[in-house]
Amino acid sequence: MKVSDLPPPVERDANFNFAYLDERTKRMIRRAILKAVAIPGYQVPFGSREMPLPYGWGTGGIQVTASIIGPDDVLKVIDQGADDTVNAVNIRRFFQRTTAVAVTSVTTEATIIQTRHRIPETPLHDGQVMVYQVPLPEPLQKLEPREAETRVMHGLADYGLMHVKLYEDIARFGHIATTYDYPVMVDGRFLMAPSPIPKFDNPKMHMNPALQLFGAGREKRIYAIPPWTSVESLAFDDHPFEVQRWSEPCALCGATDSFLDEVITDDRGGHMFVCSDTDHCRLNRQDDDR
Amino acid sequence: MYVAVKGGERAILNSYALLAQARRGDASVPELTLDQIQQQLRLSVDRVMCEGSVYDPELAALAIKQAAGDLVEAIFLLRAYRATLPRLGYARPLDTADMRLWRRISATFKDLPGGQVLGPTYDYTQRLLDFTLAASGEAQAGPVASPQSEAGAVPRVVDLLGNEGLIESHEPSPGDPEPVDLTRVPISFPADRAARLQNLARGDEGFLLAMGYSTQRGYANSHPFAGEIRFGLVDVEIEPEELGFPVSIGEIEITECQMVNQFAGSKTEPPKFTRGYGLAFGASERKAMGMALVDRALRATELGEAADSPAQMQEFVLSHTDNLEASGFVQHLKLPHYVDFQSELELVRKMRAAMPESGAEAA
């Protein structure tokens, strides 16, 4: 039996509405989510609110989660794959204080998973919702900062600029030099920023049974990948898309199939690699003990 | 052996306790009251209300106290508070000609109807530290102040120029459409002037000051004159549908700045003066002036002027005015990024390995 290792629940603060946002705001956000689901990969503008957490710290994801969460949901919050990094802890506490819903660290138990920078290693299943925190929703922004221009490019599906950028990488370095927030085509139509997940996670988005929602609070955009939608990482025929590989397994659980973080162990160049998905790692070790 | 860092929750709760202690400081020093902040730090209160987009001196004072005087943090607190408040309706346009003036100056006319009124200003103070304040000396008793012109409206300089047709007039758009509310709908580009002014009114004072300043130093060419700056009290009126006549719901203090700028004219229009507009809650002259300069600079395209300086670029200016967005995103760099960094680390190693001898040697 997989058991969450999170601390006990926090009491709900009755001074605030369920999930903090007022119901009118939730309705507005749900409408934006519905539109996003109807047009996979399209960035829907929405009236993002100032949240009690700073812009850039997950306010988009928080607003999406706050709009869809109900009393029976089970919430998992991760940052860099870990349930116990301070920002994940803080966001989880925020929802515990404002909803008192059950929380978990176990991916399969969760109905809503809010994440920053990772997709869990454990495959998602039907009925789950992934909520991504997105800093910069516009995949073309680094190439063309003016939104008035990028909007036209999306309208015309004119993504030549991005292909040229990737081509220039290959011409210069021999390979595509983008390692995270690696651009994808959703449902063969919209170019989309997957948020700064490592490209290692990109293939997990493709034909995923879970609903994937993306919230960018500061930039005031919501977008979505409905379940079972094609998500293709950009590549060329002679330079196919590849994910990162490590030459050694996780030093804690021995996994060879997970994204590994490098940890510096001394000041003489010593280092080790450990799973970035802490719960995956913990459960692997638990299985070994048995 | 490396052990994953746990206990984030306890660390966060401890940081709350330390913060509360640091905010309070030495407990033997009497605690600040909200009244004291409202009365004696009124310019801080004004700025927090203005950029926090709520006219509520008491809440602004509370935010300042809670933020230990960090005004951007106080603005954040107030904005987060207002975010979920219901919107009851629109006020009628403020009539600033009917302002009960504390202060009114014009840099374009030596004298004019209503006169020049300095009012409470730091402008002509000699910036010498006043050590009597340090010794908690009472302020010198002076004349008891009250707003001027209780007698009646003081015409605005732009209206005086307007009578002669020398300055552009600003009529409401055809049909007088309801302006977009940027607290409910995200800005889209190109943004109309109503949306731009809303954005600037909430914008960071320092940013607007710097952008306005840049227009004076050759990055845009707008030849501004401070046509008029006025500071005082105006009534806020609403007109409930069921009543059909306006009722006053209170008065607020505001600063209004009308910049007057040259316009060379075009094929269809004779030369005349154009306007840049600034409005801020409370006594916020620096903000109102910066805003007016930037407003005028942002009208470059509309007036057929070249728009190649930063202050004239809508998307550049309007996307970066908000100090909550800026502060949040800059400071989010404090959050862990080790997954992305790991990916970059691997990439840099790979690229270095691929380089001929030279680069890799240095390692």
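This is a predicted model: local features need pLDDT of at least 70, side-chain atom pairs count only at pLDDT 80 or more; totals for chains, interfaces and linings use all residues.
**Rings**

Two rings of Phe, Tyr or Trp (its six-membered ring) pair if their centres lie within 6.5 Å; planes under 30 degrees apart are stacked, over 60 edge-to-face, the rest tilted.

I checked A:F200 and A:W246: the centres are 5.8 Å apart and the planes sit at 75 degrees, so this pair is edge-to-face. The two residues are 46 apart in the chain, A:F200 in the loop between strand 7 and helix 6, A:W246 in the loop between strand 10 and strand 11. Helices (H or I, at least four residues) and strands (E, at least two) are DSSP runs, numbered from the N terminus.

Is A:F214 buried or exposed? I found A:F214 buried at 0% relative accessible area, and A:Y223 is buried at 0% too. (Buried is under 20%, exposed over 50%, partly exposed in between, with a 1.4 Å probe and protein chains only.)

**Chain B against chain A**

I counted 46 residues of chain B in contact with 63 of chain A, contact being heavy atoms within 4.5 Å. I also found 5 salt bridges across this interface, each a side-chain nitrogen of Lys or Arg within 4 Å of a carboxyl oxygen of Asp or Glu. I noted A:K220 with B:E325, closest N and O atoms 2.5 Å apart.

**How I read it**

Residues count from 1 along each chain as written, and chains are lettered from A, ligands numbered from 1, in written order. Local features need pLDDT of at least 70 and side-chain atom pairs 80 or more, while totals for chains, interfaces and linings use all residues; side-chain values use heavy atoms, without hydrogens and water.
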